[in-house]
Amino acid sequence: YRRQRQMCIRDRAMRKILLLFSLFVFLFSCHSNPQQRREPGERMDPEKVADRMVERMNEELKLTDQQQKELKTWFVDSFKKRGESVRKNKKSREEMRAEMKKSREENEAQLKKILTEEQFKQYRENEAKRQQERREQGDRRSPR
């Protein structure tokens, strides 16, 4: 009986040690993945953002290879210009809004050149849906 009790106590201790070790490994693996972490205020690489945008648009609009190439180069240039503009110009809110509106109009004109009429129509519909979803998420986050 005594021997069984000692073995039972040892088993419990081993289970606790194993559990703590597993927890430690899990926490360490979650915390030490530097590729997925960004510093606060750090922006994603324009190339990566452009790749993601083109990939998403290709899934939704079935782009040709030529369209994908044109969009990627255009997105990279656009994101770099936008980043430089924001860094250089810490303007008033109204000036920034006017600049963003102008940028959006230029973006739409460029997309019209690259996409077919049907693709552009689908793109606008998808963007409207995403914008609506963002509004709804914002409403859920900040109760009025």
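Mentor: Seven salt bridges are found when the whole structure is searched, a salt bridge being a side-chain nitrogen of Lys or Arg within 4 Å of a carboxyl oxygen of Asp or Glu. The model is predicted, so local features need pLDDT of at least 70 and side-chain atom pairs count only at pLDDT 80 or more, while totals for chains, interfaces and linings use all residues. Residues are numbered from 1 along each chain as its sequence is written, and side-chain values use heavy atoms, with hydrogens and water left out.

One of the seven pairs Glu47 with Lys72, at 3.6 Å from N to O. Glu47 belongs to helix α2 (residues 46-61) and Lys72 to helix α3 (residues 65-88), so the bridge links distant parts of the chain, 25 residues apart. Helices here are DSSP runs of H or I with at least four residues, numbered from the N terminus. Glu47 has a relative accessible area of 34% and is partly exposed; Lys72, at 27%, is partly exposed as well. On this scale, buried means under 20% relative accessible area, exposed means over 50%, and partly exposed lies in between, with a 1.4 Å probe and protein chains only.

Arg130, at 18% relative accessibility, counts as buried. Through shared partners, salt bridges join Arg56, Glu60, Glu127 and Arg130 into one network.

Helix α5 also holds Gln119, a buried residue with a relative accessible area of 10%. The side chain of Gln119 reaches the backbone oxygen of Leu61 at 3.1 Å. Such a polar contact is a pair of N or O atoms within 3.5 Å; within protein, one must be able to donate a hydrogen and the other to accept it, and residues adjacent in sequence count only if both atoms are side-chain atoms. With neighbours within four places in sequence left aside, Gln119 is in contact (heavy atoms within 4.5 Å) with Leu61, Lys62, Leu63 and Gln67.

How values were computed. Helices (H or I, at least four residues) and strands (E, at least two) are DSSP runs, numbered from the N terminus.
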